[in-house]
Amino acid sequence: MANSVSMSQSIAGRYAQAVFDIVKEDGGLDALARQTEDLGTALHDSADLHSLISSPLYTRDDQARAIGAVAQKMGLSPVLSNTLQLMARNRRLFVLPQLVRQLQDRIAVERGEVTADVTSAVALTGEQQARLRDTLALKSGKIVKLNTRVDETLIGGMIVKLGSQMIDSSIRSKLASLQNAMKEVG
């Protein structure tokens with residue numbers, strides 16, 4: 001399993017690097033960032049698209065026609081559209097989720113951005129997100145984008161993951177620490 005994951009990453013990496021290099025040279029990184037985000041959302045939201053890229057029941061031609069229609073409907077750039085067509089002809093559409101992630105990573109590095117995953121007990125207001133983004137930007141020295149989600153089991157507080165660092169200020173973790181300390185005492 002690990003071997004197939006690394007192979008998929010490798011395949012996706014080659015396509016991602018080619019698309020990134022061509023688009024960067026043409027000065028279209030902003031458009032590529034939007035299109036990559038849209039493509040990622042479509043992959044997440046559409047069971048039909050996920051089936052198209054992963055099912056062996058579709059022929060190369062079926063996949064090429066379908067992904068071409070998707071690319072046209074989404075208004076994807078010729079570079080990205082042609083890459084998806086090539087992937088379909090080479091039976092490589094199964095790596096599309098990895099391609100999206102790798103393109104997003106390359107664009108973020110080029111822009112000096114980093115993404116912070118934030119899990120909070122309640123939804124953060126716009127002002128709270130802005131303050132958190134500013135604080136993390138000062139700490140990291142980079143532009144910070146937030147991926148937020150709500151997990152009510154935290155009771156209160158939040159968990160922030162920025163790169164390899166994790167800050168857990170949730171009530172749940174504080175209660176767990178207190179419980180462990182109490183076990184040690186008696």
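A residue is called buried here when its relative accessible area is under 20%, and exposed when that value is over 50%. Keep those two cut-offs in mind while we walk through this chain, which is a predicted model.

Let's start with Thr-119, which sits in strand β1. Its relative accessibility is 12%, so Thr-119 counts as buried. Which residues does Thr-119 touch, once its neighbours within four places in sequence are left aside? The contacts are Arg-149, Asp-151, Leu-154, Gly-157, Met-158 and Ile-159.

Ala-123 turns up in the loop between β1 (113–120) and α7 (126–140). Is Ala-123 buried or exposed? At 56% relative accessibility, Ala-123 counts as exposed, because that value is over 50%. Setting aside neighbours within four places in sequence, Ala-123 is in contact with Gln-128 and Val-150. Then there's Arg-149: Ala-123 and Arg-149 are 26 residues apart in sequence, yet their C-alpha atoms are 7.3 Å apart in space.

For a helical case, take Ser-81, which belongs to helix α5 (residues 78–89). Ser-81 comes out at 15% relative accessibility, so this serine counts as buried. With neighbours within four places in sequence left out, Ser-81 is in contact with Ala-71 and Leu-76.

Here are the three side by side:

| Residue | Relative accessibility | Class |
|---|---|---|
| Thr-119 | 12% | buried |
| Ser-81 | 15% | buried |
| Ala-123 | 56% | exposed |

**The sheet**

Now for the strands. Four of them make an open sheet, in the order β2-β1-β3-β4, and the pairing is mixed. Why is one side of β2 and of β4 left without a neighbour in the sheet? Strands β2 (143–150) and β4 (165–168) stand at the edges, and each has a single partner strand, so one side of each has no neighbour in the sheet. From one strand to the next, the twist averages 15 degrees.

In general, strands of a sheet pair through backbone hydrogen bonds, and they do so either parallel or antiparallel. Strands β1 and β3 (residues 158–162) run antiparallel and are joined by five bridges. Within this sheet, Ala-116 stands opposite Leu-162 in β3.

Moving on to β3 and β4, four bridges join this antiparallel pair. Ile-159 stands opposite Asp-168 in β4; Ile-159 is also one of the contacts of Thr-119. Together β3 and β4 form a hairpin with two residues between them. In the turn, Gly-163 has a positive phi of about 65 degrees.

**The largest pocket**

How much space lies in the largest pocket? The figure is about 670 Å³. Its lining takes in 22 residues, and the ones nearest the centre are Glu-37, Arg-101, Gln-104, Thr-115 and Asn-147. Helices α2 (29–45) and α6 (96–111), along with strands β1 and β2, are the elements that give two or more residues to this lining. Which element supplies the largest share? That's α6, with nine residues. Sorted by class, the lining of the pocket has nine nonpolar, six polar and seven charged residues.

Key: Residues numbered from 1 in each chain as written. Predicted model: local features only at pLDDT ≥ 70, side-chain atom pairs only at ≥ 80, totals over all residues. Heavy atoms only, no water. Buried < 20%, exposed > 50% of the residue type's maximum accessible area, 1.4 Å probe, protein only. Contact = heavy atoms within 4.5 Å. Pairing = 2+ DSSP bridges. Axes fitted to C-alpha atoms, helices over the stretch in contact; angles between N-to-C directions. 1 Å grid on protein atoms, 1.4 Å probe; cavity = no way out; pocket = protein on both sides within 12 Å on 5 of 7 lines; lining within 4 Å. Points joined across faces, edges and corners; volume = space filled by probe spheres on them. Nonpolar A, V, L, I, M, F, W, Y, C, P; charged D, E, K, R; others polar.
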